[in-house]
Amino acid sequence: MFDTHCHILPMVDDGSFSLEESLNMIKMAYQDGVRAMIATPHKNHPIDFRPQDSVMNSFQLLKASVLDLYPDFDLYLGAEFYITDDYIEVVKKSREELVINSTKYILIEFDREVKYERMSEVVHELKIQGLRPIIAHAEMYPDLTKKPDKACELRNQGALIQLTSASINGKRGKKIASFCETLLKKSSVDFVASDAHGDQHRKPLLGSSYQKVVELEGEKEAEKIFIKNPQMLIAGIEIYTQKLETGNKNSPSSKKKMMAMMTAIAVATLFIIGTGARISQSALMEKAEGASQKTTQQDQNEQDDQSTQSATEISEAYAVESDGAGEAAPSAQGEPGTEAAKAAIESKYYQKLKSLEGSYTGELESIVGNMRYAKNNITDEALLATTLEAYKEEIFALESQSDNNVYAALYDMQNELEEYDFEVSKVQACRDEYNDIKMKKQQEYINKLG
Ligand SMILES: [Fe+2]
């Protein structure tokens, strides 16, 4: 299998925070049957993540380590491009940084509240730029999940659809899983990827969703989504999504179109091989065959994502000796470059993270209170189920918002520490602690609600 969306590069975005964590993630993926991965660090994101030279360094470092440990595992570079108002200017300026493996394919993400019309316009504009957009985690946009036909429509307009492995497996609620199932049944899914962010949370696992697709649509469809389409993507070969015929499959015009498509694929393949493109198709096929035989179910691994983390001391990672510094700048706490200055920066962000933790917990408690009230007062079972599902979606939205706020703070913290040449291990410790707190809170409320 191929993982086409993964935040595997160390220290460049809100994904892996160290080489060690990246290698753990690759070990997990490898054991799950994955043999190639596209690193897709966030680009043009509202959070000020690392610049391209850091991305390249991180990619080279990881690639060299992977080659040593897993010679039959391939790593490619892409990006996850956040669509902002000025995205076309960004594309014009930094195209090579944004596309996958120097092809015309580009993985894009939107603000979660985006409307279909805006997505359609962006697909159109990117196509005019000679690019082929892939919509990352299509299941996370309410305007699409409400009406799956709109996702199919985007596909007909030339976009490719990527779903997240955990969503297919129901880890993000029934509504989202049902949307995924609908698209799969309509043969309107081009890729399933992990969108992994770490070795403890949002892990790089595809095995169980592969099996789910096999159950729903058969082995052939699963191979297309997890192996063949990713091969074509990496090699830059055209992936067709438009319907080729509307009536009789054997009509002369349908046959003509099919012949044209087959010819196009053959020409594209010859072109790739003839020009010595960076991917060896036969090598990819060999790996794919090996991988497809190894798509053993690892439900347990993915379920670990949901398991409660041991209740580590919450204050441990955030703990910076409080000296009443509050918002104090380094200069106020000692000369720049001194331990006192470092402690002041850490303390400032510690306060900020604690405040974000407080907001998250408060809002979560409020939603859980509403859920409890609904459980005690709504007698109609169907209405209760719908109401609870809606509250669960609020929790997902809250988590997403909370992630953004926390990671923005963490990156500000990292940037500021680096500005004074301080080491940044406290940033990773805070990130891990935040995830532990989140898991702990979730489990606490799951237990409370029963
Ligand atoms: Fe992502």
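The legends below describe close-up views of one predicted protein model.

In this predicted model, local features require pLDDT of at least 70 and side-chain atom pairs count only at pLDDT 80 or more, whereas totals for chains, interfaces and linings use all residues. Residues are numbered from 1 along each chain as its sequence is written.

**View 1. Overall composition of the protein chain.** The protein chain has 17 helices and nine strands; helices (H or I, at least four residues) and strands (E, at least two) are DSSP runs, numbered from the N terminus. Of the 450 residues in the chain, 40% are buried. A residue is termed buried if 20 or more other C-beta atoms lie within 10 Å of its own, exposed if 12 or fewer do, and partly exposed in between, with C-beta atoms placed from the backbone. Contacts are defined between residues whose C-beta atoms, placed from the backbone, lie within 7 Å. Among contacts between residues at least 6 apart in sequence, 75% join residues at least 24 apart.

**View 2. The nonpolar cores.** A nonpolar core is a set of buried Ala, Val, Leu, Ile, Met, Phe, Trp, Tyr and Cys residues joined through C-beta atoms within 7 Å. The largest such core has 77 residues, and those with the most contacts inside it are M37, I106, I134, I161, V192 and F226. Helix α10 (residues 219-235) gives the most to this core, contributing eight residues. A second, separate core comprises 17 residues, including V406, A409, V427 and Y434. In soluble globular proteins, nonpolar side chains tend to be buried together.

View 3. Strand β1 (residues 2-6) runs parallel to β2, and three bridges join the two; strands count as paired if DSSP finds at least two bridges between them. F2 stands opposite A36 in β2, and D3 stands opposite M37. The chain passes from β1 through helix α1 (residues 19-31) to β2 in a right-handed β-α-β crossover; that is, with the strands pointing away from the viewer, the path from the first strand over the helix to the second runs clockwise. Five of the five residues of β1 are buried, so this strand is largely enclosed by the rest of the structure. In β2 (residues 36-39), A36 and I38 point one way and M37 and A39 the other way, and all are buried. Leaving aside neighbours within four places in sequence, M37 is in contact with D3, C6, I8, A29 and L75. Strand β4 (residues 74-77) also pairs with β2 in the parallel sense, over four bridges, and A39 stands opposite L77 in β4.

**View 4. The six-stranded open sheet.** Six strands form an open sheet with parallel pairing, in the order β3-β5-β6-β7-β8-β9. Strands β3 (42-43) and β9 (191-193) stand at the edges, each with a single partner strand, so one side of each is left without a neighbour in the sheet. The parallel pairing of β3 with β5 (residues 80-82) extends over two bridges, and H42 stands opposite E80 in β5.

View 5. The buried residues of helix α6 (residues 148-156) are P148, A151, L154 and R155. They cover an arc of only 110° around the axis, which puts them on the same side of α6; the arc is that of the directions from the helix axis to the C-beta atoms. An α-helix has 3.6 residues a turn, so residues three or four places apart point the same way. The buried residues of α6 pack against α4, β7 (132-135), α5 (142-145), β8 (160-164) and α8 (174-185). Just after α6, G158 takes a positive phi of about 115°.

**View 6. Surroundings of Y116.** Y116 is found in helix α4 (residues 116-128). Y116 is partly exposed, with 17 other C-beta atoms within 10 Å. Not counting residues up to four places away in sequence, Y116 touches D143, L144 and K150. Y116 and E153 are 37 residues apart in sequence, and their C-alpha atoms are 9.6 Å apart in space.

**View 7. Surroundings of F422.** F422 lies in the loop between α16 (381-419) and α17 (425-449). This residue is buried, with 21 other C-beta atoms within 10 Å. Its contacts, leaving aside neighbours within four places in sequence, are with K342 and L417. F422 and E339 are 83 residues apart in sequence, with a C-alpha to C-alpha separation of 8.9 Å in space.

Methods. Contact = placed C-beta atoms within 7 Å.
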